[in-house]
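Please read the chain alongside the account below.

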Amino acid sequence: MAQGMASNRNASAEARKVMVVADPTRESAGALQYALSHAVIEQDELILLHVENPSSWRNTISTFLKMPSLGSSATVSLEFGGGGGAAAEGEGVDFLEEMKHICRASQPKMKVRAVRVEMDGKDRATTILSLSKTYGVDVIVIGQKRSISSALLGYKRPVGGSMKGMKAIDTAEYLIQNSTCTCVSVQRKGQNGGYVLNSKTHRNFWLLA
């Protein structure tokens, strides 16, 4: 299971590409914190992928991340300016740049890349899946705010199939079921409450922070 992928690897391990689905949300912030503390080591490459929806409304939230590499008392406050594109002057920082800053503070030697794309006629999950193959990603990490229906039933679609026409489809569940690489969904349980992880082989796995 992915929760031990970093702790079980040493400096001589082969480098991996880990993709974190990046959005201006608390779920995405939790996924990034999990990735930095449990999924990557310094020789890996971390790809922050934000899939823009041109019709989405703008949103600004404040999110707090406790950075494991900066000590147990170090808390970083982020002002995420959502909606895609660089945040306009006076609207706070660009959340992707803030995420890159956090990655560099946590893993100074690790290569970090931010990618911003539009859906371009595809649904969000299909776009993420396609790009994970394009970049040769080994692990996808995505934040998830699970509903009762997705937690109990999950969603299965053929690889390459579109989710258009399906109501309330869960992007994380689609990626878990259809990605050829490892995909882990992350639910952060409070500041020190750990994570609930889901993958193709593990459901509702509780990992302490």
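Predicted model: local features only at pLDDT ≥ 70, side-chain atom pairs only at ≥ 80, totals over all residues.

Residues are numbered from 1 along each chain as its sequence is written, and side-chain values use heavy atoms, with hydrogens and water left out.

The protein chain has five helices and nine strands; helices (H or I, at least four residues) and strands (E, at least two) are DSSP runs, numbered from the N terminus. Along the sequence the pattern is β-α-β-β-β-α-β-α-β-α-α-β-β-β. Of the 209 residues in the protein chain, 50% are buried, where buried means under 20% relative accessible area, exposed over 50% and partly exposed in between (1.4 Å probe, protein chains only). Among contacts in the protein chain with a separation of 6 or more, 66% link residues 24 or more positions apart; contact means heavy atoms within 4.5 Å.

Seven strands form an open sheet with mixed pairing, in the order 5-2-1-6-7-8-9. Two strands pair if DSSP finds at least two bridges between them. Strand 5 (111–118) and strand 9 (205–207) are at the edges, each with a single partner strand, so one side of each has no neighbour in the sheet. On average, neighbouring strands of this sheet are turned by 25 degrees against each other, direction ignored.

Strand 1 (residues 17–21) runs parallel to strand 2 (residues 45–52), joined by five bridges; Val18 has Leu46 in strand 2 as its bridge partner. Strand 6 (residues 139–143) is likewise parallel to strand 7, with five bridges, and Ile142 is partnered by Ser185 in strand 7. Strand 7 and strand 8 (residues 195–198) run antiparallel and share four bridges, with Leu197 in strand 8 as the bridge partner of Val186. Five of the seven residues of strand 7 (residues 182–188) are buried, so the rest of the structure largely encloses this strand.

Turning to the helices, helix 3 (residues 124–134) packs against helix 5 (residues 171–178) at an angle of about 40 degrees, with the axes 9 Å apart. Axes are lines fitted to C-alpha atoms, for helices over the stretch in contact, and angles run from 0 to 180 degrees between N-to-C directions. Arg124, Ala125, Thr126, Ile128 and Leu129 of helix 3 make the contact with Thr171, Tyr174, Leu175 and Asn178 of helix 5.
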